Amino acid sequence: MKKISQDTKKQTALNAREKKASIGEDIDISQFTSQQENGSELQKLEDVGEDFKKILINVGVDTQQKERSGTYIQEGNRVVFCQTKSDKVEVLPIAVALEKYSWVKNYYWNAVKVDTDKYTAEAELTDNLQGYFIHAKKGAKGIYPLQSCLYLNIEGFKQVVHNIIIADEDSELNLITGCTVHPNVHKALHLGISEFYLKKNSKITFTMIHYWSDQSDVRPRTGIVQEEGSEYVSNYIIMSEVKSLQSNPIAYLEGDNTKAYFQALVYGKKDSHIDVGSRAMLNGKNSKAEMISRVIGTDASKVIARGLIVGNAENAVGHLECQGLLLSPNARIDSIPEINAIHPNVSMTHEAAIGRIAEEQILYLMSRGLNETEARDLIIGGFLEADTSHLPKELAEETQKLIEIASKAEV
Amino acid sequence: MLNIQNLTVTVNHGNGRTVLRDFNLSIDSGETHVLLGPNGSGKSTLIYTLLGYPSYKVVQGSIFFKGKDITGMPTNERVSLGIGTLFQHAPKVPGVKLKNLMNVCGEKRGERITKEKFEEPLLEEGCRDLDDQTMKIATDLKFPLEFLEREVNVGFSGGEIKRSEIMQMIALKPDFMLFDEPDSGVDIENLVLIGKVMRDLLQRDEIPSRQIKSGLIITHLGYILQYLGKLDRAHILLNGRIICSGNPEIIINSVKKFGFDECKICAANQISLECGDVEGIK
């Protein structure tokens, strides 16, 4: 039985091998290599070299692990560190988890379809796959956040990752994850499948920081399945250059009284093409989705901020918001919101505003003593201040700090 | 403190229209003056020119502040010399919290105290840091603290904008204060409050030898003036020129009684009767 089902997945993937993604520039995966030499695992996270430490800090990984309950670090397609300090939560490399627990396969390709496009197909067909499995046990609460870093250190490498995250009933899980490249790496491909499962009355907060290079192509594929009373909070932050990035997570709010909140902070630089969105299917009664994106466009960057909310159930509430700040005449920001009211008794709203910093605002701040650059920085800094009200108190302040680090980071 | 000589200003967005002509005004340390004038007489232009806003071009004349020629100086440098403004039309600044802007004002005041070696504490009494000081100022003004978390002027009512402006003035404590229509669009409760703070900031109740701060209050309504105590001098601005200066009480009462129409007669006849006697020459 098991064998057949796996073969079916493989076959479906094979059929989708050439399937272009519905949005985003098409990438020729064959240009990238997955050749990687064997290396050793890190014994202690504190022992990482200064260079690596700096890379990790830029994407939110605390090498001291002071207020962390676990850490997962993947270099290329090799797990170099995987540890957890709490017995309420389990962190394993995905390959280990699939071996250890027969039920894990039931969560494999259940929130994201294997034949979504060539990138999901690649993740099924590659023989060089890693990723993390995180399981917050029933009732697990009050544990420090878990952190992970997916890191690329080989020129021209394709990193293929498949993550499964499960929050059991009444548990609360906070994740900080950073995806990045070594400063000497230009050309790279990151394909990341992430499947989130939120059981009854659970909560996941997922803060993701991306830090890429001028020639990185990035195609995350994320799906979230939510049971009754669960809450999913996503904070996505990208402040670095990237060649092309396209991501459009989808949340299925299946249970009644579920909530999903997506926030994206995007700082478009140089020639970056960034296409980020989120989608929510409000299938449960009283389910609620909110999507906020704040985009800054500098240089010749092109940013598309998407959002889709589908109201399928009684009393579903959806709100989409996009704010854009253009700092260069060559930058471009597009907002593409879509709200669909399928059920007659839903409330769906969206608002968007994109513009430049008005001169009168700069002058007003200068009249309080700031010079022009300081005035601009204050406005931009304020613009990038995240709404952290959905995060636990301890994490809220830290997230703001991470954003500051990310916005200033120069590797 | 402030000395404006033969100033002629054109406005870019007004297609190069001349708004101030041959304007002269001198305000000494410790003095508070009032500038009255009808709409369009050039009051706002004077403010923006004093601040050095780029759309306002000085084509002739000079502005001296504390003995320095500031005519071509950028706005922020003028502010760090000690000029502060309460705006009539303060713009919205999305993204910037009022708290952060208040802290900027407090920080700039600290820098000025250090630079000019004033014997003043860097922070208000009993405050440990800028956040503390910002909260104290807000509390003193009966501003709910959650207001500090809001974006500057975004969704503020008229009275809230004025209170935010006056709070920033308190935090900045400049040596020379410009008040642009502090009484427009304000209810009586806020008017009394703003009047009280202005009176205090302008040291109106100090003995003259201890009055150091100076101010220029621009108004066409004049409501605020009754709350300020003794004022030093009033001026009437008409078509970009000061046409009459003198005892504030007499001038204000005269404007209240006759409006600016009488001033126009005065100007047209190029006479300089004691203000209030205009009726006699009709």
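Student: What pLDDT does chain B average?
Tutor: This is a predicted model, so local features need pLDDT of at least 70, side-chain atom pairs count only at pLDDT 80 or more, and totals for chains, interfaces and linings use all residues; side-chain values use heavy atoms, with hydrogens and water left out. Residues are numbered from 1 along each chain as its sequence is written, while chains are lettered from A and ligands numbered from 1 in the order in which they are written. pLDDT is the predictor's confidence in each residue, from 0 to 100. In chain B, 94% of the residues score at least 70, and the average is 89.

Student: Which element of chain B has the lowest mean pLDDT?
Tutor: Elements here are DSSP runs, numbered from the N terminus: helices (H or I) of at least four residues and strands (E) of at least two. At the top end sits strand 6 (residues 83–86) of chain B, with a mean of 97. The lowest mean, 74, belongs to helix 8 (residues 261–268) of chain B.

Student: What covers the buried residues of helix 6 of chain B?
Tutor: Helix 6 (residues 188–201) of chain B has 14 residues and reaches 20 Å from first C-alpha to last. Its buried residues (under 20% relative accessible area; exposed is over 50%, partly exposed in between, with a 1.4 Å probe and protein chains only) include L191(B), I194(B) and V197(B). The cover includes helix 5 (158–172), strand 9 (176–180) and strand 10 (214–219) of chain B.

Student: How much area do chain A and chain B bury between them?
Tutor: The contact takes 19 residues from chain A and 26 residues from chain B. Buried area is the accessible area (1.4 Å probe) that two parts lose on being put together, summed over both. Of that area, 63% is on carbon and sulfur atoms, and the total is about 1,900 Å².

Student: Which residue of chain B forms a salt bridge with E374(A)?
Tutor: A salt bridge needs a side-chain nitrogen of Lys or Arg within 4 Å of a carboxyl oxygen of Asp or Glu, and the rule finds three across this interface. For E374(A), the closest N and O atoms are 3.9 Å apart. The partner is K108(B).

Student: Which helix gives the most to the side of chain A that touches chain B?
Tutor: Helix 5 (359–366) and helix 6 (372–383) of chain A each supply at least two residues of that side. The top giver supplies seven residues. That's helix 5 of chain A.

Student: Is K270(A) buried or partly exposed?
Tutor: K270(A) lies in the loop between strand 14 (259–268) and strand 15 (273–276) of chain A. Its phi is positive, about 45°, although K270(A) is not a glycine. Because its relative accessible area is 47%, K270(A) counts as partly exposed.

Student: And Q65(A), what does its relative accessibility make it, buried or exposed?
Tutor: Q65(A) sits in the loop between helix 2 (50–58) and strand 1 (70–75) of chain A. It has a positive phi of about 55° although it's not a glycine. Because its relative accessibility is 6%, Q65(A) counts as buried.

Methods. Expected span 1.5 Å × (residues − 1). Contact = heavy atoms within 4.5 Å.
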